[in-house]
Amino acid sequence: MENCIFCKIVKGELPAQKVYESEKVLAFKDINPKAPVHILVIPKKHYDSIIDINDDEMDIISHIHVAINKIAKDMGVDKTGFRIVNNCGEDACQEVKHVHYHILGGKKLRA
Ligand code: 5GP
(Lines give C-alpha, C1' and ligand atoms only; values in the text may rest on other atoms or scores of the structure.)
Protein backbone atom coordinates (compact mmCIF):
# COMPACT_ATOMS: atom_id res chain seq x y z
CA MET A 1 0.00 0.00 0.00
CA GLU A 2 1.53 3.23 -1.18
CA ASN A 3 0.72 5.60 1.68
CA CYS A 4 0.88 3.09 4.52
CA ILE A 5 3.58 4.04 7.06
CA PHE A 6 4.08 0.46 8.18
CA CYS A 7 4.54 -0.68 4.55
CA LYS A 8 7.15 2.06 4.24
CA ILE A 9 8.93 0.70 7.33
CA VAL A 10 8.84 -2.80 5.77
CA LYS A 11 10.35 -1.41 2.56
CA GLY A 12 13.01 0.53 4.49
CA GLU A 13 11.63 3.87 3.29
CA LEU A 14 10.96 4.99 6.88
CA PRO A 15 13.22 4.30 9.86
CA ALA A 16 12.22 2.06 12.76
CA GLN A 17 13.97 0.44 15.70
CA LYS A 18 13.59 -3.16 14.58
CA VAL A 19 13.68 -5.89 17.20
CA TYR A 20 12.66 -8.93 15.14
CA GLU A 21 12.43 -9.87 11.49
CA SER A 22 11.45 -13.05 9.66
CA GLU A 23 10.30 -13.76 6.13
CA LYS A 24 6.71 -12.74 6.90
CA VAL A 25 6.85 -10.66 10.08
CA LEU A 26 8.54 -7.48 11.28
CA ALA A 27 8.59 -6.03 14.80
CA PHE A 28 9.79 -2.63 15.94
CA LYS A 29 9.53 -0.24 18.88
CA ASP A 30 6.43 1.95 19.05
CA ILE A 31 7.31 5.57 18.32
CA ASN A 32 5.15 6.73 21.26
CA PRO A 33 5.60 4.02 23.90
CA LYS A 34 2.84 3.56 26.47
CA ALA A 35 4.90 1.17 28.62
CA PRO A 36 8.62 0.48 29.16
CA VAL A 37 8.27 -2.32 26.61
CA HIS A 38 6.04 -1.36 23.70
CA ILE A 39 6.64 -3.29 20.50
CA LEU A 40 4.54 -3.44 17.35
CA VAL A 41 4.43 -6.76 15.50
CA ILE A 42 3.20 -6.62 11.92
CA PRO A 43 2.82 -8.91 8.92
CA LYS A 44 5.05 -7.68 6.09
CA LYS A 45 2.09 -8.12 3.76
CA HIS A 46 -0.47 -5.34 4.00
CA TYR A 47 -3.88 -6.06 5.46
CA ASP A 48 -5.93 -3.10 6.69
CA SER A 49 -7.09 -5.05 9.74
CA ILE A 50 -7.45 -8.65 10.95
CA ILE A 51 -10.94 -8.69 9.37
CA ASP A 52 -9.25 -8.51 5.95
CA ILE A 53 -7.16 -11.66 6.44
CA ASN A 54 -8.67 -14.53 4.45
CA ASP A 55 -9.03 -17.97 6.06
CA ASP A 56 -6.34 -19.41 3.79
CA GLU A 57 -3.83 -16.75 4.90
CA MET A 58 -4.59 -16.98 8.61
CA ASP A 59 -1.30 -18.80 9.25
CA ILE A 60 0.23 -15.30 9.41
CA ILE A 61 -1.26 -15.08 12.91
CA SER A 62 0.84 -18.11 13.95
CA HIS A 63 3.92 -16.42 12.55
CA ILE A 64 3.06 -13.29 14.54
CA HIS A 65 2.73 -15.36 17.72
CA VAL A 66 6.07 -17.06 17.09
CA ALA A 67 7.52 -13.55 16.91
CA ILE A 68 5.69 -12.42 20.07
CA ASN A 69 7.08 -15.34 22.10
CA LYS A 70 10.60 -14.66 20.95
CA ILE A 71 10.36 -10.90 21.51
CA ALA A 72 8.86 -11.38 24.99
CA LYS A 73 11.88 -13.51 25.93
CA ASP A 74 14.35 -11.10 24.32
CA MET A 75 12.77 -8.14 26.15
CA GLY A 76 12.71 -10.02 29.46
CA VAL A 77 8.95 -9.86 30.00
CA ASP A 78 8.25 -13.55 29.48
CA LYS A 79 8.38 -14.19 33.25
CA THR A 80 6.88 -10.92 34.51
CA GLY A 81 4.01 -10.86 32.02
CA PHE A 82 2.86 -8.69 29.18
CA ARG A 83 -0.24 -7.73 27.22
CA ILE A 84 -0.97 -8.30 23.53
CA VAL A 85 -3.41 -5.82 21.97
CA ASN A 86 -4.89 -5.69 18.50
CA ASN A 87 -7.11 -2.73 17.69
CA CYS A 88 -9.45 -3.54 14.82
CA GLY A 89 -11.39 -0.75 13.14
CA GLU A 90 -12.89 2.57 14.08
CA ASP A 91 -14.60 1.77 17.39
CA ALA A 92 -11.32 0.28 18.65
CA CYS A 93 -9.52 3.49 17.61
CA GLN A 94 -7.21 1.69 15.17
CA GLU A 95 -4.94 4.50 14.07
CA VAL A 96 -2.67 2.77 11.56
CA LYS A 97 -4.56 0.74 8.96
CA HIS A 98 -2.02 -2.06 8.68
CA VAL A 99 -2.52 -5.07 10.96
CA HIS A 100 -0.38 -4.78 14.07
CA TYR A 101 -0.22 -6.33 17.50
CA HIS A 102 1.03 -4.28 20.43
CA ILE A 103 3.22 -6.00 23.02
CA LEU A 104 3.03 -3.99 26.24
CA GLY A 105 4.97 -4.76 29.39
CA GLY A 106 7.85 -3.91 31.67
CA LYS A 107 5.56 -2.53 34.40
CA LYS A 108 2.34 -3.49 36.18
CA LEU A 109 -0.38 -2.68 33.66
CA ARG A 110 -3.83 -1.49 34.66
CA ALA A 111 -6.52 -4.18 34.57
P1 5GP B 1 -3.24 1.66 16.86
O2 5GP B 1 -4.00 2.70 17.62
O3 5GP B 1 -3.46 1.77 15.36
O4 5GP B 1 -3.50 0.28 17.38
O5 5GP B 1 -1.72 1.94 17.15
C6 5GP B 1 -0.82 2.47 16.24
C7 5GP B 1 0.49 2.62 16.94
O8 5GP B 1 1.48 2.94 15.97
C9 5GP B 1 0.53 3.74 17.99
O10 5GP B 1 0.89 3.19 19.25
C11 5GP B 1 1.59 4.71 17.44
O12 5GP B 1 2.37 5.29 18.46
C13 5GP B 1 2.40 3.84 16.52
N14 5GP B 1 3.01 4.54 15.39
C15 5GP B 1 2.41 5.42 14.56
N16 5GP B 1 3.26 5.84 13.61
C17 5GP B 1 4.44 5.21 13.84
C18 5GP B 1 5.70 5.24 13.19
O19 5GP B 1 5.92 5.93 12.18
N20 5GP B 1 6.68 4.46 13.71
C21 5GP B 1 6.48 3.68 14.82
N22 5GP B 1 7.51 2.96 15.25
N23 5GP B 1 5.29 3.62 15.45
C24 5GP B 1 4.28 4.38 14.97
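This is a predicted model: local features need pLDDT of at least 70, side-chain atom pairs count only at pLDDT 80 or more; totals for chains, interfaces and linings use all residues.
Trainee: What pLDDT does the protein chain average?

Mentor: pLDDT is the predictor's confidence in each residue, from 0 to 100. The protein chain averages 98, and 100% of the residues score at least 70. The model has ipTM 0.99 and pTM 0.98.

Trainee: What makes histidine 100 count as buried or exposed?

Mentor: Histidine 100 has 24 C-beta neighbours inside 10 Å, so it counts as buried. Histidine 100 is placed in the loop between β4 and β5. Leaving aside neighbours within four places in sequence, histidine 100 is in contact with Phe6, Leu40, Val41 and Ile42; contact requires C-beta atoms, placed from the backbone, within 7 Å. UniProt, in an unreviewed entry, lists His100 for "active site"; such annotations may be inferred rather than shown by experiment, and the positions are given in the numbering used here, with feature names shortened.

Trainee: Why does lysine 97 count as partly exposed?

Mentor: The count for lysine 97 is 17 C-beta neighbours inside 10 Å, so it is partly exposed. The loop between β4 (82-85) and β5 (101-105) holds lysine 97. Not counting residues up to four places away in sequence, lysine 97 touches Cys4, Asp48 and Ser49. Lysine 97 and tyrosine 47 are 50 residues apart in sequence and 7.7 Å apart in space, C-alpha to C-alpha.

Trainee: What about histidine 46: why is it partly exposed?

Mentor: Histidine 46 has 16 other C-beta atoms within 10 Å, so partly exposed applies. Its place is in the loop between β3 (37-43) and α2 (59-75). Histidine 46 is in contact with Met1, Cys4, Cys7 and His98, leaving aside its neighbours within four places in sequence. For histidine 46 and methionine 1, 45 residues apart along the chain, the C-alpha separation is 6.7 Å.

Trainee: Which elements make up the secondary structure of the protein chain?

Mentor: The protein chain has 2 helices and 5 strands, in the order α-β-β-β-α-β-β from the N terminus. Helices (H or I, at least four residues) and strands (E, at least two) are DSSP runs, numbered from the N terminus.

Trainee: How do you know that the radius of gyration agrees with a compact globule?

Mentor: The globule rule is 2.2 Å times the number of residues to the power 0.38, with the radius taken over C-alpha atoms. With 111 residues, a compact globule would be near 13 Å; the protein chain has 13 Å, so the two agree. The C-alpha trace spans about 35 × 30 × 25 Å along its principal axes.

Trainee: Which residues come nearest the ligand?

Mentor: Ile31, Asn32, Asn87, Glu95 and Val96 come nearest, of 13 residues around the ligand. A residue is near a molecule or strand if its C-beta atom, placed from the backbone, lies within 6 Å of it.

Methods
Residues are numbered from 1 along each chain as its sequence is written. A residue is buried if 20 or more other C-beta atoms lie within 10 Å of its own, exposed if 12 or fewer, and partly exposed in between; C-beta atoms are placed from the backbone. Two residues are in contact if their C-beta atoms, placed from the backbone, lie within 7 Å.
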